[in-house]
Amino acid sequence: KLIDGDLVHIGPFVAITALADSTVDVSDCLIDSIDRITETIEDAADFEIPKGVTIFGRFEVISIVSGGKILAYKG
């Protein structure tokens with residue numbers, strides 16, 4: 001799924017490839033369960049994915065900070 005705005009997108013997604021330097025909004029990245037992310041989100045920060053880089057994980061919900069562009073792979 002092409003994501004190029006700051007809307008929230010529902011997964012689950014298993015990989016993200018940056019088509020441009022993109023910053024992922026961690027507050028929207030629910031990983032597996034709300035309890036697990038709640039425990040870690042307080043110390044987390046939004047993270048940048050440089051253009052051309054693919055990251056793997058299980059993202060239930062994702063959004064990017066305005067200006068980025070990613071491909072998110074459902075799985």
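Guide: A polar contact is a pair of N or O atoms within 3.5 Å, where, within protein, one atom must be able to donate a hydrogen and the other to accept it. In this predicted model, the side chain of H9 makes such a contact with the side chain of K1, at 3.2 Å.

Visitor: Which backbone oxygen lies 3.5 Å from a polar atom of the H9 side chain?

Guide: That is the backbone oxygen of L7. H9 itself lies in strand β2, which spans residues 9–20, and, leaving out residues up to four places away in sequence, H9 touches K1, I3, E60, V61 and I62.

Visitor: How should I read its accessibility; is H9 buried or exposed?

Guide: Buried means under 20% relative accessible area, and H9 counts as buried because its relative accessibility is 12%.

Visitor: Where is F56 placed, and is F56 buried or exposed?

Guide: F56 belongs to strand β5, residues 54–62, and, with a relative accessible area of 68%, F56 is exposed, since exposed means over 50%. Setting aside neighbours within four places in sequence, F56 is in contact with V14 and A15, while the C-alpha atoms of F56 and T17 are 8.9 Å apart although 39 residues separate the two in sequence.

Visitor: How many salt bridges does the count come to?

Guide: Side chains of opposite charge can pair when their charged atoms come close. Here the count comes to 1 salt bridge: R58 forms a salt bridge with E60, with the closest N and O atoms 3.1 Å apart. R58 counts as partly exposed at 36% relative accessibility, and E60 is partly exposed with a relative accessible area of 22%.

Technical notes:
Residues are numbered from 1 along each chain as its sequence is written. This is a predicted model: local features need pLDDT of at least 70, side-chain atom pairs count only at pLDDT 80 or more; totals for chains, interfaces and linings use all residues. Side-chain values use heavy atoms; hydrogens and water are left out. Helices (H or I, at least four residues) and strands (E, at least two) are DSSP runs, numbered from the N terminus. Buried means under 20% relative accessible area, exposed over 50%, partly exposed in between (1.4 Å probe, protein chains only). Contact means heavy atoms within 4.5 Å. A salt bridge is a side-chain nitrogen of Lys or Arg within 4 Å of a carboxyl oxygen of Asp or Glu.
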